[in-house]
Amino acid sequence: MTEADHAGDLAPDDLEVLAQAAWWVGQPDTASDAWERAYTLHARSGDKVAAANAAAQLAFNLLGAGLPSVLNGWVQRAERLLQGASEQPVHGFIAVVRGMTAFTGGDLDTAAAAGRRALDIGTSFGIPDLQAMGLHLEGRALVAKGRVEEGMALLDEATAAAVSGELSPQVTGRVYCSTVSACWGLGDYRRAGEWADAAERWCRRRSINGFPGVCRLHRAQIQKLRGMWREAEAEALLACKELPSWFPLDVGRAMSEIGEIRLRMGELEAAEEIFTRARDLGRDPEPGLSLLRLGQGKVDTAARSIKRALEDESLARLDRARLLPAQVEIALAAGDVRTARVAAEEIETITGDYTISEVRTPALEASAQMTWGAVRLAEQDPDEAVTCLRRAIKLWQEVDHPYEAARTRVLLAAAYRAKGDEDGAIAELVTAQSAFERLGARLDAERAKELLGRLETRRTFVFTDIVDSTKFAELLKDRWEKVVLKVHDETIKRIASDYGGEVVKSTGDGFFLAFPEPTAGVEAAVAIQKQLDEQAFPAELRIGLHMTEAQDTGGDYQGEGINVAARIGELAEGGQILASCDSVIGIPLVCSAPNDAQLKGFSDPVKVTSIDWR
């Protein structure tokens, strides 16, 4: 067709086909040129309606291109040509362009009215494209006005028509992108993901990558939230290559997404560079930039940065809801609890205003609960903080936001610790650290590990084991379990309790015990050996003892020192109590001379001594 065009053989209708094809394959300038020439030929022939349609289609193509004056000029040309004419389908397309322009400018009533007019005209003339565009335009306006349930119902209907193949490719892309943008603004990421998956199936059926650049950007946003950061970054980078020809204003948005991914991964220098590029492209990279400053330790700079962003009077309420959690985090880091509370109250209000069937959008509600939990914790109300944060984690899990859930767990750990629940704090931090490591959030993982280190407790760990238990079990048969092991178990459990220790777990033929300090552990080990000896226990016990720092994970302990204690126990002989020398310093005991022991799995030897319990 391009060759025919060069030869000058194309009629106006052919030029319109060329315009549509050129736009979709990535030649928007060729498309605009074809529409302009189609318009000129129609106008010369005196077909005002056809000329107006060409002008309206050209304006429709210019939506999002960053050329508002040119777009408005073509719309006005189309309207002038249609003066005095009866209602035509082109009136519907003009309404769509006017409505979308009004929506972008914040005139929601005009946008909604334009959407209804386009729907009516599309219905009258049986044009699915106009019907869908009218539905989606009114739906977007209603959602922005807070009439979420009505608006989303219209958007769902329009998008169902789009991904089913009823509409032209360009209108399909417009409707899909508009719906996902609405979901994104609401924080309804589950719905956005469902439509993104449906649109991807539509793209596969047509063997295309979707609406140029924008589909990739939406996929990147959803993948980022799902924790698929490498895949999200790859999609966003491709979007940056595709967007300039169609929607240059969105290139900065794609760059901001890459910056936020880098920020989550802890690559602060790379994030700063990318945020700077996004700003150069006309995109205010917030809240990413303010959170970057916080990550760099520049708390005051971060506070000023997020404050400036929120002072933008053109921000829609849902856009404010996206920025306010960052203000809460930054304000609390600065010790400004009052500012954090005011921001949390505004998030709560916005969340309450955007509901479907009186149910709050899960992600917005999760964000509100997370910020309230942080504020309550700062206000020294850990009980209420725990309630809010546990709700937030549940909601983050429902919408599949693993990073947000892990960060909330870190706050929950602090709340548990404020309540004196060290076990609960450690359990949450262990889970959070694991999630951060799995996601690739390096700095967050290091922070969780550091917090865990602060929660480590010093304990004296004792491992007991019966020597040659298999031989005695075969020799004594039923009596071994029913009598001998019963006496063994009851004796050790009673002595551990008498000396203030805890039975961490049974190891089959022995026990893993923990004591708050070395003297109690040593005295308990001596008492165990003595009492079993006095009871004429048929087998010999070996006991290993070691004092170390460990993480109390609630019912169990973790840490390298646990393995040291277990290996010392394995090294002991029957009837022996073997202890690391550091564990018995200052305790009046009869001990053997220190000996360097090479423990299995450890490169450095450990000094041990044998305690003479007799």
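These notebook entries record what I looked up on one helix and on a group of aromatic rings in a predicted model.

**Entry 1: helix α21**

I first checked the length of helix α21, residues 382-398. At 1.5 Å a residue, its 17 residues should span 24 Å, and I found the end C-alpha atoms 24 Å apart, which agrees.

I then asked which residues of α21 are buried. They are Pro382, Ala385, Val386, Cys388, Leu389, Ala392, Ile393, Leu395 and Trp396. I noted that an α-helix has 3.6 residues a turn, so residues three or four places apart point the same way. The cover over the buried residues of α21 includes α20 (362-378), α22 (402-418) and α23 (422-439).

Past the helix, I looked at aspartate 400, which follows α21 and has a positive phi, near 60°.

**Entry 2: aromatic pairs**

Phenylalanine 461 belongs to strand β3 (residues 457-466) and phenylalanine 512 to strand β5 (residues 511-515), so the pair ties together parts 51 residues apart in sequence. I recorded both phenylalanines as buried.

I next examined phenylalanine 461 with tyrosine 557: the ring centres are 5.1 Å apart and the planes lie at 70°, so this pair is edge-to-face. It links distant parts of the chain, as tyrosine 557 is in strand β7 (residues 557-558), 96 residues from phenylalanine 461. Tyrosine 557 is buried, as is phenylalanine 461.

Finally, I traced the ring pairs onward and found that they link Phe461, Phe463, Phe512 and Tyr557 into a cluster.

Technical notes. Residues are numbered from 1 along each chain as its sequence is written. This is a predicted model: local features need pLDDT of at least 70, side-chain atom pairs count only at pLDDT 80 or more; totals for chains, interfaces and linings use all residues. Side-chain values use heavy atoms; hydrogens and water are left out. Helices (H or I, at least four residues) and strands (E, at least two) are DSSP runs, numbered from the N terminus. The expected span of a helix is 1.5 Å times one less than its number of residues. Buried means under 20% relative accessible area, exposed over 50%, partly exposed in between (1.4 Å probe, protein chains only). Contact means heavy atoms within 4.5 Å. Rings of Phe, Tyr and Trp (its six-membered ring) pair if their centres lie within 6.5 Å; planes under 30 degrees apart count as stacked, over 60 as edge-to-face and the rest as tilted.
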